[in-house]
Amino acid sequence: MPRGEQTEGGHSHSGSERAEQISWCIWTEDLLLAAAYVYDAQYNRNIPFETSPQAVRLYYLYNHWTMQAATYFFIFVDLFLAVFEDPAVYPFPFLATSLVEVLCLLVFFSRLVHFAKVTPRNVFWKDTKNICIMIAILVTLIDLIIYGALKISNINSIRWSRFLRPIFLINFAESRQIRRVFRSIRNTLPEITYVFLLFMFSVLMFSLMALKLFGDRNLRTVEGSPYFTNYLEIVFDLYVLVTTANSPDVMMPAFDFSWWYSLFFITYVVINTYLFMSVFLAVVYNNYRKHLKNEIRKLAYMKRHKMIEAFNILKVKEGTEYVVQEAQWKELVKLVAPDISTSHRELLLRVSDEEQKGYVDKKSFVRLADLLNIQVIAMRIQTHPLEHWMPHVYNSAVSLFIRSMVQHKGFVWTYDVIILINAVFIALDEENPLISYAEWVFLSLYILEILLKVYTYEPRAFFAKTQFWNWFDTSIIIAALIATILNASLKSASQYNSQQVLDIVFILRVLRLIRIVDSIQRFRVIMNTLINIVPTMLTFGGLALVVYYMFAIIGMELFQGKIQFFPRNSTAHHALECGNPALKDSLFARAKYCKNNFNDITSSFVVLMELTVVNQWHVLANGFALVTHQAAKLYFIAFHIVVVIMIINILIAFILEAFFVEYSLEKSEVETAIERKIQELGVGIQEEELRDGKLIDNMETSENDLGGEEITKKKSKGLMFKIASKRYRTVDALLQRMFEAEILPEDDGPSVEEILNLSPTDLYPKNPTFDSAA
């Protein structure tokens with residue numbers, strides 16, 4: 001072959017390879033972009049990001065779990081600095097804490113810069129949370145410099161920026177649930193304000209009536225001070241009465257004078273405690289529910305919008321409709337959910353492409369995010385080891401009778417009765433020898449129960465990961481047996497009675513009674529509901545942390561060092577008055593509340609928790625008012641309004657909504673579709689069979705992995721499927737499904753701008769279009 005032809009042929013081959021490489025790169029970039037949309041839809045993430053290849057890769061890095069974990073780590077390090085700063089639980093030098101805080105601020109700033117790299121510039125600068133983070137970083141740095149300079153000059157000052165630290169917890173993108181709660185509070189404030197103003201008007205009116213009724217009658221309180229002669233003190237006392245913390249003490253001087261005056265206080269309590277507080281709950285619940293549903297409606301639209309964006313990237317024309325090819329769909333699922341097995345992925349494909357056409361249509365593709373949120377586990381039927389080793393003995397008539405007896409409901413009921421009888425014996429006198437011997441009988445019965453169940457059910461099934469109660473029972477019984485033997489040995493060996501071992505024994509015995517909860521159906525329903533809403537309840541844990549931290553920092557700056565705690569036998573000056581003569585003969589000092597102070601962050605949190613419970617909160621408020629100024633009561637009133645009236649009522653509203661939704665809604669459409677396909681393929685397992693212990697979790701390996709047409713073949717090896725997780729059934733997801741049901745499959749929905757501008761007063765569009773959604 002001539003050299004020129006070789007060269008020409010070589011160039012032609014190189015050009016073809018280059019074209020294929022370019023095509024492959026474009027396909028990979030499109031797949032990464034589509035996967036980013038699906039991943040956002042799966043986890044309800046609404047971060048607008050640039051679609052360039054570099055921005056998409058940065059976006060993946062931004063959302064990587066290590067980056068998120070590092071961000072949370074430095075957020076909590078920043079918050080935890082209060083433990084080591086003055087006033088400190090464990091004092092550290094200012095230089096050490098300030099360097100750590102600067103490091104945290106650098107991490108936050110880097111995270112913010114990273115976020116700016118992946119989002120459009122106009123979106124970034126319009127986002128309020130980004131502005132809040134930048135202002136908080138700048139203000140904190142200024143405060144650090146000023147405080148450090150004054151400290152070098154031996155001038156005392158206040159670290160006034162510390163209460164801004166929770167802003168970082170609220171405003172980083174990972175904390176979107178906390179931001180949602182704060183938005184709900186902000187949106188609910190106008191309605192609450194009107195009710196609160198009317199409530200305060202009622203309190204002020206009753207206070208004025210109390211001044212006129214009791215001010216001139218020379219009545220005295222139990223402490224000997226004038227009764228209802230100062231209007232502001234009357235307002236505070238009657239406000240406290242709304243919380244019932246000072247009832248009936250505040251009424252007694254008037255009641256002692258004449259029983260007719262009790263009618264005044266009864267009327268006040270009925271109107272303000274029962275009527276207005278109920279109205280507060282109703283207003284908070286109604287508005288919170290309305291704004292929550294609006295947020296969920298936006299999430300439903302945004303999730304659908306992102307799934308359609310992903311579909312449009314990967315779609316190809318098949319006949320008269322656009323579809324996603326099976327190969328592309330599989331590559332997408334591998335990228336979005338790399339941890340799921342081949343069998344699970346094949347099962348999802350069967351659900352998405354029921355007729356096995358080789359492609360997924362738009363309607364089926366859009367629900368992929370929900371399919372991925374339903375965890376499916378593979379299970380495999382196992383024979384009992386004894387059946388392998390001693391088949392004749394294990395399948396004998398006596399063995400079959402024992403196994404049928406253990407599987408009968410009567411066996412469960414019998415042990416429920418034994419547990420109740422055991423509860424009676426636990427409550428009786430431990431020193432009685434009969435009671436002591438009875439505990440050995442109960443332990444023997446419990447051990448017999450475990451042995452019979454392990455004999456009846458395949459051991460790997462009985463101790464599978466999902467069999468929580470079996471693990472709980474066995475561990476409690478074994479621990480109780482070891483502790484009881486240890487305690488008996490110590491007693492017989494040296495007349496030594498280890499109280500710690502005894503305490504462990506008592507606790508383990510009582511914990512055994514918890515097993516009764518799983519035996520009663522209604523108890524189990526309630527427990528399952530509580531378990532299902534626990535993840536979302538963590539949002540309120542974050543909200544409580546934010547509010548408590550801010551009030552704790554403010555409380556430390558206002559009240560640190562004003563009240564001191566002294567040991568019981570201390571001879572220090574003013575030890576009986578908590579180190580402050582202003583508390584002499586006060587109820588605060590007489591009640592020995594000296595340890596309730598704001599001298600460090602941990603003590604502050606304890607005081608705030610006591611204020612949340614409300615009981616005796618007026619005693620705490622009066623104590624701190626005595627050592628500072630009467631205006632200090634405003635701090636405690638503000639805490640009561642924010643936490644008890646607003647946040648606690650929102651928490652109640654959330655729990656009510658969660659229970660209503662959890663009790664009223666059935667399984668989701670996509671969950672039912674997966675179960676239906678599992679049953680069609682003949683690889684399904686019922687919950688009753690699982691509870692009987694016939695199946696085990698099967699951590700899928702290549703040996704039993706499922707793929708394509710091999711489903712039927714693998715079934716012969718005992719591979720079964722079951723929906724194992726209720727992860728999809730969170731409150732947000734359930735509410736979201738209510739709205740998604742009203743969106744027709746062929747509708748693309750409103751634009752992103754229209755979605756973000758939807759308000760609770762807008763009618764929900766049955767057939768959303770760009771015109772009707774605004």
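Hi everyone, let's start at a loop: Asn154 sits between helix H6 (128-152) and helix H7 (166-171). Helices here are DSSP runs of H or I with at least four residues, strands are runs of E with at least two, and both are numbered from the N terminus. Asn154 has a positive phi of about 60 degrees, although it is not a glycine. Is Asn154 buried or exposed? With a relative accessible area of 71%, Asn154 is exposed. Buried means under 20% relative accessible area, exposed means over 50%, and partly exposed is in between, with a 1.4 Å probe and protein chains only.

Before going on, a word on what you are looking at. This is a predicted model, where local features need pLDDT of at least 70 and side-chain atom pairs count only at pLDDT 80 or more, while totals for chains, interfaces and linings use all residues. Residues are numbered from 1 along each chain as its sequence is written, and side-chain values use heavy atoms, with hydrogens and water left out.

Now the whole chain. There are 34 helices and six strands. Of the 774 residues, 46% are buried. The accessible surface comes to about 40,300 Å², and carbon and sulfur atoms hold 63% of that; these areas come from the Shrake-Rupley method with a 1.4 Å probe, and for residues only the protein chains shown count as cover. Contact means heavy atoms within 4.5 Å. Among contacts in the chain with a separation of 6 or more, 74% are between residues 24 or more positions apart.

Back to the loops, and to another asparagine. Asn44, in the loop between helix H1 (3-42) and helix H2 (53-62), has a positive phi of about 55 degrees and is not a glycine either. Asn44 is buried, though, at a relative accessible area of 18%.

Next, helix packing. Two packed helices are described by the angle between their axes and the distance between the axes. Axes are lines fitted to C-alpha atoms, for helices over the stretch in contact, and angles run from 0 to 180 degrees between N-to-C directions. Helix H8 (residues 176-214) packs with helix H9 (residues 231-242) at about 125 degrees, and their axes are 9 Å apart. H8 and H9 are therefore oblique to each other. For the cut-offs, under 35 degrees is roughly parallel, over 145 roughly antiparallel, 65 to 115 roughly perpendicular, and the rest oblique. On the H8 side, the residues that meet H9 include Phe199, Met200 and Val203, and their partners in H9 include Tyr231 and Ile234. By class, this contact of H8 with H9 has 14 nonpolar, one polar and no charged residues. Nonpolar covers Ala, Val, Leu, Ile, Met, Phe, Trp, Tyr, Cys and Pro; charged covers Asp, Glu, Lys and Arg; the others, Gly among them, are polar.

Which way do H9 and H28 run relative to each other? H9 and helix H28 (residues 617-627) pack at about 150 degrees with axes 10 Å apart, so H9 and H28 are roughly antiparallel. Phe236, Tyr239 and Val240 of H9 make the contact with Trp617, His618, Ala621 and Asn622 of H28.

One last stop: Leu538 lies in helix H25 and counts as exposed, at 63% relative accessibility. Thanks, everyone!
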